[in-house]
Amino acid sequence: MLKNLPMVTSREGKKEGEEEIVLEEEENNNALNNPKNKMDVIQELVALIEAVQSIGDFRRTQRKEAHSLVRRLKLLLPLLEEIRDIDTLIPEAGMTCLCNLKHAFLAAKKLLKMCTEGSKIYLALESEDVMIRFHSVYEKLNQALDGMPYTEIGISEEVKEQVELMRMQLRRAKKRTDTQDMELAMDMMVVLSTEDDRNADSASIERLANKLVLHTVEDLRTETVAVRKLVKERGQNTETNKQIVDILRKCKQIAGLEVTGILDDPAVPKALAKCPSLAVPNEFLCPITLEIMSDPVIVATGQTYERDSIQKWLDSDHRTCPKTGQVLAHLSLAPNFALRNLILQWCEKNNFPLPKKEVPRSSDNSNVEQNNEIYSVVQNLSSNQLEVQRKAVRKIRMLSKENPENRILVANSGGIPPLVQLLSYPDSKIQEHAVTALLNLSIDESNKKLISREQPIPAIVEILQNGTIGAKENSAAALFSLSMLDENKANIALSNGIPPLVGLLKNGTIRGKKDAVTALFNLSLCQANKARAIEAGIVAPLLHLLKDKNLDMVNEALSLLLLLASNSEGSEEIGQMSVIETLVQFIKEGTPKNKECAVALVLELGTKNPNLVLAALQYGMYEHVVELENSGTNRGQRKANSLLQLMSKSEQNS
């Protein structure tokens, strides 16, 4: 997936990381040559523990591991306090351990800071790589404490036992297999593989943004700064950086924010780039764009924004104040004439050309007309005349696709219950329009819950089984969207929704297959649904996707097979000799992502059945796994390394 962060070269030609190590080694030598530095080293170590304790708000993807590391560092405080209170000189071995411990503490602090200040997208996309960095810190801590002369220094047995217990925990943590958040990984895969503007894909972006906590203006602004820093360090043209920028762009777009200029220098607003000497008062800058305002307006909380910016925010289905996070009592925008006059006076005084924008006329009348139109169309959904109903449901489908506000208005006008009823109407066109309208409406999280209350899943499954091709595809996408609510994962399975999804995976169009595979992946995150999917015959069409490379769904198929392989029945069915041969072909000739997924799947299957590893070796896998370990993606290298170890065991036991 992602490459490790490269080190920046300094003026002397050394890498920053190397330079730090050289400096630390010099400090270590000074400490060894001058025993009086014992107190300084101890104080620095204690200060470092206090510093990491204060770091605090870690990213969701590394929160558990980060808190565990902080707790383990705190366990070393009694050791440091006892050494500090000893009057005698510390032997050379003890000073070496302390200096090495300082080096490990610095590495821990750097890692923990990255887990609280780094790009959320990067940390999620490269979670396994970050776990390896934690393991590296554990190793440094263990090595630093190795050879600590407890008896010579006079350390109590109680403290010694506590330190050794901590070291045992570190060794155990280092051996622990890192588990990827499969749901988060699939969300990222769906978002990154999106080639059109399907509304179901918008729902995936919204869920991903919520999981990564990238839904407020402040969140997205902070993430943008972190991404700029990351790209500056690593270069713009790496594949992973492009993926990170792409996800950030989509998250900003879904929030109604400006998506251009993500990598521009944030220090200087665009409007001021030609006037660097001007210091613009902060109150003149829009909190969203950080650009000087030409049409400032006040929202319900009393905060002021540029009209265009806050309107985009509201049009993207947000009902909170971007700056304060408070729910807006109303959505009216009042012109801030006083501030606008101050801005105009300042611009005139400083000869600064304010971008001229035409102040839009009040849209109250058009809003009222839109509300009335939607209310009228919703009423027609219950008409006794077939043609009136057909026109109404088609109109709702179009309106719910256009913008987020319409989705709210349709729901507030009572449009969801009649749409759910129309799912069972004996007219194929009405069914298709109704299920697509519900798909569009389900993008809004509150609508998703309202739709679920009306129990639409049995009717959607019926359309998936017997509807037109377009209706089947949109039914699968609707089930994917609704399955984002955990309770619906079970409801869809209990409504017998998995077999027709497998059927669409077998016989659908390319778009239908894509809708089916994403829905089935989401449903298979529920343990019980894995067995249901396997029983429904999911393995055969997934294997067909692997062979039909023209469908461009190899990665999705491999990821779903990997998920199913954790089930014993799934592992047995997937683990056929022909499948192993196909996987070896991907390891030999596939894309970097294909190779990574294929190696992970062979590793999963081989762990349960060592004979499959021997079969893979017979198909000539070894040299290609070695090559992947040396030059594959980060995750691919790690999986390849684990697979090589498993190969060695299998050969020894054979």
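Trainee: Is Lys429 buried, exposed or partly exposed?
Mentor: Lys429 is partly exposed, with a relative accessible area of 43%. Buried means under 20% relative accessible area, exposed over 50%, and partly exposed in between (1.4 Å probe, protein chains only). This is a predicted model: local features need pLDDT of at least 70, side-chain atom pairs count only at pLDDT 80 or more, and totals for chains, interfaces and linings use all residues. Residues are numbered from 1 along each chain as its sequence is written, and side-chain values use heavy atoms, leaving out hydrogens and water.

Trainee: Which residue does Lys429 meet in a salt bridge?
Mentor: Glu432, at 4.0 Å, N to O. A salt bridge is a side-chain nitrogen of Lys or Arg within 4 Å of a carboxyl oxygen of Asp or Glu. Glu432 counts as buried because its relative accessibility is 12%.

Trainee: Where do Glu432 and Lys429 lie?
Mentor: Both lie in helix α20 (residues 428-441), three residues apart, about one turn of the helix. Helices (H or I, at least four residues) and strands (E, at least two) are DSSP runs, numbered from the N terminus.

Trainee: New topic. What does Arg638 pair with?
Mentor: Asp129, with the closest N and O atoms 3.7 Å apart. That pair links distant parts of the chain: Arg638 is in helix α35 (residues 634-653) and Asp129 in helix α7 (residues 127-145), 509 residues apart.

Trainee: Are Arg638 and Asp129 buried or exposed?
Mentor: Both are buried. They also belong to a network of salt bridges with Glu126 and Arg133.

Trainee: How many salt bridges does the count come to?
Mentor: 17. One of them joins Asp295 and Arg307, at 2.7 Å, N to O.
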